[in-house]
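This report sets out the computed geometry of one protein model.

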Amino acid sequence: MAKWARLFRIVTVVSSISVFTYWFIKKSAVAFVDNSVGLQVINKLPQALDFYLINVNKIDNNTILEPKHIGKVRPEYYRIEYLKMDKSDEYWIVGYLGKKNLVYFSQHSVPNKNIDQIVEVQNYINQSMKLSEAAKKQVDAYNYENTKLGIWITLDFLLLFLNLVLLLKRNK
């Protein structure tokens with residue numbers, strides 16, 4: 001029975017390491033997308049803002065909002081993202097000062113998908129209260145899902161580490 005348990009532990013550890021390696025490479029690969037629109041967000045404000053991008057996809061008369069974290073952009077710096085705009089012609093940019101303080105919201109249309117977009121954030125503006133509330137809900141849900149995923153990944157890595165240690169432990 002001990003040999004079967006050891007064989008099961010070896011199979012589990014090897015498959016877990018391969019799944020996590022694939023997942024890590026997939027998540028950390030640069031998101032260059034064919035036929036995409038380049039978006040450059042420049043922060044001209046005196047404080048660093050945490051930016052989120054929401055791609056508005058229209059599929060079969062349904063609107064699907066896909067949030068993505070651009071990152072924290074310091075003053076006079078920029079970030080570049082690549083947008084897949086085959087089902088969309090609009091995106092929103094949401095800026096947070098701190099965790100919950102939404103200080104910037106803008107809605108942008110993409111009339112020509114062959115020209116890259118440049119957005120300079122020069123003032124604190126909220127173009128639409130209704131759309132910014134929808135964007136805030138999407139960003140909160142996105143952050144909640146990422147927190148949940150982070151907890152599960154941490155627990156899985158802990159379990160993988162414990163199984164690896166038990167597998168490599170020598171019996172005396």
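The model is predicted: local features need pLDDT of at least 70, side-chain atom pairs count only at pLDDT 80 or more, and totals for chains, interfaces and linings use all residues. Residues are numbered from 1 along each chain as its sequence is written, and side-chain values use heavy atoms, with hydrogens and water left out.

The structure holds five aromatic pairs. Rings of Phe, Tyr and Trp (its six-membered ring) pair if their centres lie within 6.5 Å; planes under 30 degrees apart count as stacked, over 60 as edge-to-face and the rest as tilted. One of the pairs joins Phe51 and Tyr104 in an edge-to-face arrangement, at 6.4 Å centre to centre and 80° between the planes. This pair links distant parts of the chain, with Phe51 in strand β2 (residues 49-59) and Tyr104 in strand β6 (residues 102-109), 53 residues apart. Helices (H or I, at least four residues) and strands (E, at least two) are DSSP runs, numbered from the N terminus. Both Phe51 and Tyr104 are buried.

Tyr52 and Tyr142 form an aromatic pair that is also edge-to-face, at 6.3 Å centre to centre with 85° between the planes. The pair connects distant parts of the chain: Tyr52 belongs to strand β2 and Tyr142 to helix α2 (residues 129-168), 90 residues apart. Tyr52 has a relative accessible area of 6% and is therefore buried. Tyr52, Tyr96 and Tyr142 form one aromatic cluster.

## Strand β5 and its neighbours

Eight of the nine residues of strand β5 (residues 88-96) are buried, so this strand is largely enclosed by the rest of the structure. Two strands pair if DSSP finds at least two bridges between them. Strands β2 and β5 run antiparallel and are joined by eight bridges; Leu53 has Ile93 in β5 as its bridge partner.

Strands β5 and β6 likewise run antiparallel, with seven bridges between them. The bridge partner of Glu90 is Ser109 in β6. These two strands form a hairpin with five residues between them, and Gly98 in the turn has a positive phi of about 90°.

## The three-stranded sheet

An open sheet of three strands has the order β4-β1-β7, with mixed pairing. Its edge strands, β4 (77-83) and β7 (117-121), each pair on one side only. Neighbouring strands of this sheet are turned by 20° against each other on average, direction ignored; axes are lines fitted to C-alpha atoms, for helices over the stretch in contact, and angles run from 0 to 180 degrees between N-to-C directions.

Strand β1 (residues 37-43) and β4 run antiparallel and are joined by seven bridges. Asn43 stands opposite Tyr77 in β4. Arg74 lies over the face of Tyr77, at 3.9 Å from the ring centre; a charge sits over a ring if NZ of Lys or CZ of Arg is within 6 Å of the ring centre and within 35 degrees of the ring normal.

## Positive phi in the loops

Asn61 is found in the loop between β2 and β3 (62-73). Its phi is near 60°, a positive value in a residue other than glycine. With a relative accessible area of 83%, Asn61 is exposed.

Glu76 lies in the loop between β3 and β4 and has a positive phi of about 65° although it is not a glycine. At 52% relative accessibility, Glu76 counts as exposed.

## Overall dimensions

The protein has two helices and seven strands, and from the N terminus on its elements run α-β-β-β-β-β-β-β-α. Along the principal axes, the C-alpha trace spans about 70 × 35 × 30 Å. The protein has a radius of gyration of 22 Å, whereas a compact globule of 172 residues would have one near 16 Å; the radius is taken over C-alpha atoms, and the globule rule is 2.2 Å times the number of residues to the power 0.38.

Of the 172 residues, 31% count as buried. Residues 24 or more positions apart account for 66% of the contacts with a separation of 6 or more, where contact means heavy atoms within 4.5 Å.

Conventions
Buried < 20%, exposed > 50% of the residue type's maximum accessible area, 1.4 Å probe, protein only.
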